[in-house]
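Here is a set of questions and answers to work through with the model open beside you. Take a look around first, then read on.

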4 protein chains.
Amino acid sequence: MATTYVAELSGVFVPVVTPFRDDAVDYDSLRSNLRGLGQTDVTGYFALGSNGEFHSLSDSEQFRVLEVFAEEAGDKVVMVGISRESTRESLEMAKRAAAMGFSYVSALTPSYFASKTTEAVLQAYYTRLADSSPLPLLVYNAPGFAAGVSVSTRLVSVLAQHPNVAGIKDSSKPGPFQYLAHVDPTAEFAVLAGSASFFYPALHAGAAGGVLSMANYLPSVCVRLHELFLDGRHQEAGTLHSRVLRVNAAVSGLFGVAGVKAAMSLLGYRGGQPRHPFSALADEERMVVAGKIAAEGFRIDA
Amino acid sequence: MATTYVAELSGVFVPVVTPFRDDAVDYDSLRSNLRGLGQTDVTGYFALGSNGEFHSLSDSEQFRVLEVFAEEAGDKVVMVGISRESTRESLEMAKRAAAMGFSYVSALTPSYFASKTTEAVLQAYYTRLADSSPLPLLVYNAPGFAAGVSVSTRLVSVLAQHPNVAGIKDSSKPGPFQYLAHVDPTAEFAVLAGSASFFYPALHAGAAGGVLSMANYLPSVCVRLHELFLDGRHQEAGTLHSRVLRVNAAVSGLFGVAGVKAAMSLLGYRGGQPRHPFSALADEERMVVAGKIAAEGFRIDA
Amino acid sequence: MATTYVAELSGVFVPVVTPFRDDAVDYDSLRSNLRGLGQTDVTGYFALGSNGEFHSLSDSEQFRVLEVFAEEAGDKVVMVGISRESTRESLEMAKRAAAMGFSYVSALTPSYFASKTTEAVLQAYYTRLADSSPLPLLVYNAPGFAAGVSVSTRLVSVLAQHPNVAGIKDSSKPGPFQYLAHVDPTAEFAVLAGSASFFYPALHAGAAGGVLSMANYLPSVCVRLHELFLDGRHQEAGTLHSRVLRVNAAVSGLFGVAGVKAAMSLLGYRGGQPRHPFSALADEERMVVAGKIAAEGFRIDA
Amino acid sequence: MATTYVAELSGVFVPVVTPFRDDAVDYDSLRSNLRGLGQTDVTGYFALGSNGEFHSLSDSEQFRVLEVFAEEAGDKVVMVGISRESTRESLEMAKRAAAMGFSYVSALTPSYFASKTTEAVLQAYYTRLADSSPLPLLVYNAPGFAAGVSVSTRLVSVLAQHPNVAGIKDSSKPGPFQYLAHVDPTAEFAVLAGSASFFYPALHAGAAGGVLSMANYLPSVCVRLHELFLDGRHQEAGTLHSRVLRVNAAVSGLFGVAGVKAAMSLLGYRGGQPRHPFSALADEERMVVAGKIAAEGFRIDA
């Protein structure tokens with residue numbers, strides 16, 4: 001299987017949001033969104049990621065969310081978020097994901113004891129996970145959601161040699177450029193850009209694809225950007241990249257998941273609300289999102 | 001009940017560690033430690049706090065830990081950690097704590113979406129918790145365990161007016177001095193110092209007590225420091241404070257929970273190991289801890 | 001001389017502000033302020049510190065400011081800020097301070113290359129300064145003005161042994177409690193609290209005095225707090241500490257030097273304006289400052 | 001003149017280091033380096049930047065350094081660093097740079113009072129500078145050298161409209177991608193990448209060029225990367241980008257200016273030493289630098 005990581009993980013992944021209604025998970029809206037996304041050319045889904053607010057769900061809610069994915073994924077590749085603070089708990093989730101028939105798992109760096117989470121601690125965590133997980137593992141590097149904890153280039157280059165480590169999803173501010181330069185190009189190791197801010201530049205530096213919050217509301221635009229790159233149409237791609245970047249800054253950048261959900265509702269998906277203590281956008285915030293999408297000329301695209 | 005918060009929360013609380021053996025919770029050692037602590041004059045326990053590695057436990061492990069507390073707490077005051085990222089999950093824990101007969105609950109600031117966790121979000125979180133929790137609530141402010149998220153003095157002064165908010169446990173680096181100055185002195189609101197670094201100075205500034213990792217291994221020393229303060233023996237207290245501070249810096253400061261567990265094992269308690277991916281101290285690290293405890297002249301004290 | 005450091009540095013120091021008018025240094029107002037402060041019981045002055053906006057002055061302006069201090073200091077102890085990024089430049093300032101007859105120099109940690117400013121770099125800096133400075137040196141620890149760079153407790157305990165190191169002025173958020181615990185109590189080494197937030201608690205932990213921005217506008221209140229401590233009147237002191245802390249949070253805390261200057265103008269001193277690009281408080285901000293001073297019952301006190 | 005900014009600032013700029021010998025500026029080595037660089041196809045120089053350790057030089061040393069630039073610059077474009085904490089001091093430097101016949105000035109964000117340096121303060125600073133500077137201004141955004149202070153995309157888009165603002169040099173970790181997306185493409189506003197980490201990806205996103213520490217020791221390699229981009233040879237460029245990035249991470253990334261100086265000495269330039277309290281690389285550190293340069297197959301290139 002190792003020979004297929006980069007090929008299988010190329011293109012656009014959707015970090016699918018979890019819609020809420022009256023603070024309860026709205027499984028019907030989730031199902032509806034997956035059916036819509038299923039008709040686009042995105043490569044796959046990231047289930048139970050940050051945009052999925054996995055950290056605000058109970059274990060039983062997480063399991064029900066995964067069931068909806070299992071029923072609706074079709075031929076899309078699904079990577080399942082298994083992020084927990086202890087290796088033991090993360091592995092339990094990996095086993096469940098395998099039992100349900102998914103393809104990959106992805107684990108964020110532990111970060112509760114941030115100042116003690118050294119490179120050695122992260123190496124212990126990911127090595128044991130990779131050794132024992134029944135599914136290939138993607139490292140998830142996102143210091144903004146992990147108290148600043150980040151995986152070093154040295155550790156990534158070590159993990160890239162592990163046959164059960166499939167790649168890294170990077171959502172750091174510097175982006176995955178350092179990782180791309182430090183990974184053996186012959187290794188079967190996929191680097192996925194975790195933000196539309198640097199998705200297109202990262203493709204030029206060797207990234208296989210991206211996990212893009214924008215793909216929740218403009219999936220075909222994201223796919224189009226990847227296709228323009230593959231076709232060598234760099235002029236058009238550069239222009240589309242700038243439009244994408246401005247919208248992304250006004251949606252995820254300003255408002256996070258609440259912004260993504262508002263944009264989904266504007267563009268034909270069912271975003272629902274964030275879970276308390278977070279709240280839906282105020283009217284004037286929603287107008288910022290709508291205005292920016294309109295200014296860049298994007299419309300319902302799926 | 002409101003009239004008793006400050007009186008009931010005065011003195012020393014132990015943020016009780018969770019011992020592990022072979023990466024499984026060692027309930028017997030936990031029970032043994034509680035029996036030892038039960039013979040000291042500490043005021044009470046903080047169950048499922050940071051030192052208790054609550055974030056590395058499954059829900060079912062957390063419930064079993066609470067059962068041990070219920071059986072062994074005797075007349076000690078128990079505050080239960082209910083920290084979750086969503087209000088709904090935190091409230092579930094609060095209800096369980098009430099059903100099991102505990103006295104207080106304590107909730108850390110949500111922090112996964114740190115950059116979006118504004119003062120308004122924190123106010124929404126704590127207000128709904130306080131409104132609905134069957135037990136009085138202590139705010140838990142610990143930016144070092146919460147990606148830098150911190151409760152403002154303004155919000156603390158607002159929450160202090162809520163009849164179901166009993167106080168704040170502060171483990172920030174600046175310590176609780178600002179909070180102490182901004183809380184109405186006539187309010188029934190207890191400020192607890194979350195570190196031995198500033199426990200004694202904070203008493204002078206109006207703190208009711210402290211939740212001190214050191215109380216896991218030198219409980220009577222911590223109690224003694226409080227008693228010297230109450231007795232106005234400031235010269236002796238100042239000297240003991242300095243010794244305490246130096247040991248604390250070498251244990252929690254350098255090594256976190258792994259250091260606390262090593263110190264416990266040196267001083268007659270059953271610290272056990274941290275949970276993977278963290279590990280027990282190396283021999284030379286343990287010698288640093290032992291050397292500092294000896295240098296300051298502390299011995300088994302319980 | 002070494003035997004007098006702690007005695008000579010006890011009490012309250014004023015980090016004297018530099019007033020500006022039309023963006024030029026207003027030496028007359030500086031002189032006027034020093035004459036007012038000269039009639040209080042403050043121990044001395046910190047010339048060219050952060051509140052003095054030394055970093056915004058040209059070298060020739062700094063020298064003229066020092067001339068005013070030389071003429072107006074009377075019997076007050078003057079420590080001169082010599083903070084530069086290179087050892088060589090700092091030493092040049094130290095020599096000038098000595099030639100002008102001042103008593104102490106004080107140097108902030110270099111911080112331009114913050115991520116490379118290791119403990120070894122700081123040790124090299126302070127050791128060479130102490131070896132070569134004609135005046136005894138105070139370390140100035142203020143991570144908030146130094147990109148987070150901070151002096152470790154280990155380095156402070158080493159420097160405390162140097163006969164030409166007189167002490168440390170600490171303006172960090174945690175305050176000087178760690179330093180106080182790690183310095184040999186028999187060493188002639190003065191710890192000065194750099195903020196009214198923890199001045200009074202720090203006295204209980206062994207501090208010799210404080211360098212307090214508040215002493216620019218309420219010098220006698222600060223002196224009174226120190227006297228109450230010396231007299232063992234801890235109840236009164238604790239109450240005054242809380243009033244001081246609330247005012248300080250509303251002045252320096254909210255508004256920095258611009259707030260200090262506004263408070264000075266309200267209380268009979270000549271604060272002038274901050275230097276561009278900073279600006280004087282807006283009217284509503286000045287009302288916040290005035291309101292808080294009034295609410296705590298402080299009036300012109302010098 | 002405004003119509004030439006982007007054209008004139010295209011390509012590679014060298015942030016020229018200041019060599020020291022026995023802690024004194026080694027003007028002869030500086031002159032020698034400029035003569036070597038003058039034979040390459042770099043577009044120009046950044047004098048008195050971070051790599052030039054401007055912050056460790058006295059004013060008179062800065063003026064002598066500029067004289068060497070004036071004598072040796074030939075037809076290269078020179079931008080002069082004028083970074084000071086006060087607008088007045090920065091403007092003084094801008095006037096001097098103009099009087100000496102240079103082309104551009106560049107100013108880092110003030111940062112001493114980092115927590116008070118709001119967007120409004122930065123706007124006041126850059127607007128007054130741009131209004132009054134006799135030379136066109138480049139904003140210098142480098143939060144790593146400015147206590148985390150950073151220019152917002154909003155402020156950049158405003159400043160880009162000012163006829164005397166020529167562009168921005170961005171050395172932030174996220175890189176200039178956001179700025180590139182928020183600047184009106186028809187404005188005469190040049191975005192320069194401040195690090196080899198993202199120089200090549202930034203060209204794809206619209207950057208005009210880069211100010212690259214690596215250009216001190218491998219100037220023609222940097223120029224070659226730009227040329228490959230201009231020629232549309234993206235495959236070759238991507239490969240060279242990865243080699244460049246790995247070397248840059250081992251030189252500037254690990255060791256900062258001391259690393260750049262060591263690499264210069266290995267590659268035929270006269271790096272000299274950093275100024276105290278910083279020191280030259282230890283032997284084993286120098287071997288890391290030499291080993292990485294050799295491993296990537298780079299040799300003396302000028």
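Q: How many salt bridges does the rule find across the interface of chain D and chain C?
A: This is a predicted model, and side-chain atom pairs count only at pLDDT 80 or more. With that in mind, the number of salt bridges that the rule finds across the interface of chain D and chain C is two.

Q: Which residue forms a salt bridge with D:D23?
A: A salt bridge calls for a side-chain nitrogen of Lys or Arg within 4 Å of a carboxyl oxygen of Asp or Glu. Here the closest N and O atoms are 4.0 Å apart, and the partner of D:D23 is C:R128.

Q: Which element gives the largest share of the side of chain D that touches chain C?
A: Elements of chain D that give two or more residues to this side are α4 (87-99), α5 (119-132) and α10 (234-266). The largest share is six residues, and it comes from α10(D).

Q: How many nonpolar residues does the side of chain D that touches chain C have?
A: In contact across this interface are 40 residues of chain D and 40 residues of chain C. By class, the chain D side has 10 charged residues, 12 polar ones and, for the class asked about, 18 nonpolar.

Q: What area do chain D and chain C bury between them?
A: The size of an interface is often given as the accessible area lost when the parts come together. For chain D and chain C, 60% of that area is on carbon and sulfur atoms, and the buried area is about 3,300 Å².

Q: How are the two copies, chain D and chain C, related?
A: Chain D is superposed on chain C by a rotation of 180° with 0.0 Å of shift along its axis, at an RMSD of 0.0 Å. The copies also meet through the same surface, because 100% of the interface residues of chain D are interface residues in chain C as well. The rotation thus relates the two copies as by a two-fold rotation axis.

Q: Is B:N164 buried or exposed?
A: B:N164 sits in the loop between α6 (153-159) and β8 (165-170) of chain B. Its side chain reaches the backbone oxygen of B:S133 at 3.0 Å and that of B:L135 at 3.5 Å. Since buried means under 20% relative accessible area, B:N164, at 15% relative accessibility, counts as buried.

Technical notes: Residues numbered from 1 in each chain as written. Chains lettered and ligands numbered in written order. Predicted model: local features only at pLDDT ≥ 70, side-chain atom pairs only at ≥ 80, totals over all residues. Heavy atoms only, no water. Least-squares fit on C-alpha atoms with pLDDT ≥ 70 in both. Contact = heavy atoms within 4.5 Å. Buried area = accessible area lost by both parts, 1.4 Å probe. Helix = DSSP H or I, 4+ residues; strand = E, 2+ residues; numbered from the N terminus. Nonpolar A, V, L, I, M, F, W, Y, C, P; charged D, E, K, R; others polar. Buried < 20%, exposed > 50% of the residue type's maximum accessible area, 1.4 Å probe, protein only. Polar contact = N/O pair within 3.5 Å; in protein donor to acceptor, adjacent residues only side chain to side chain.
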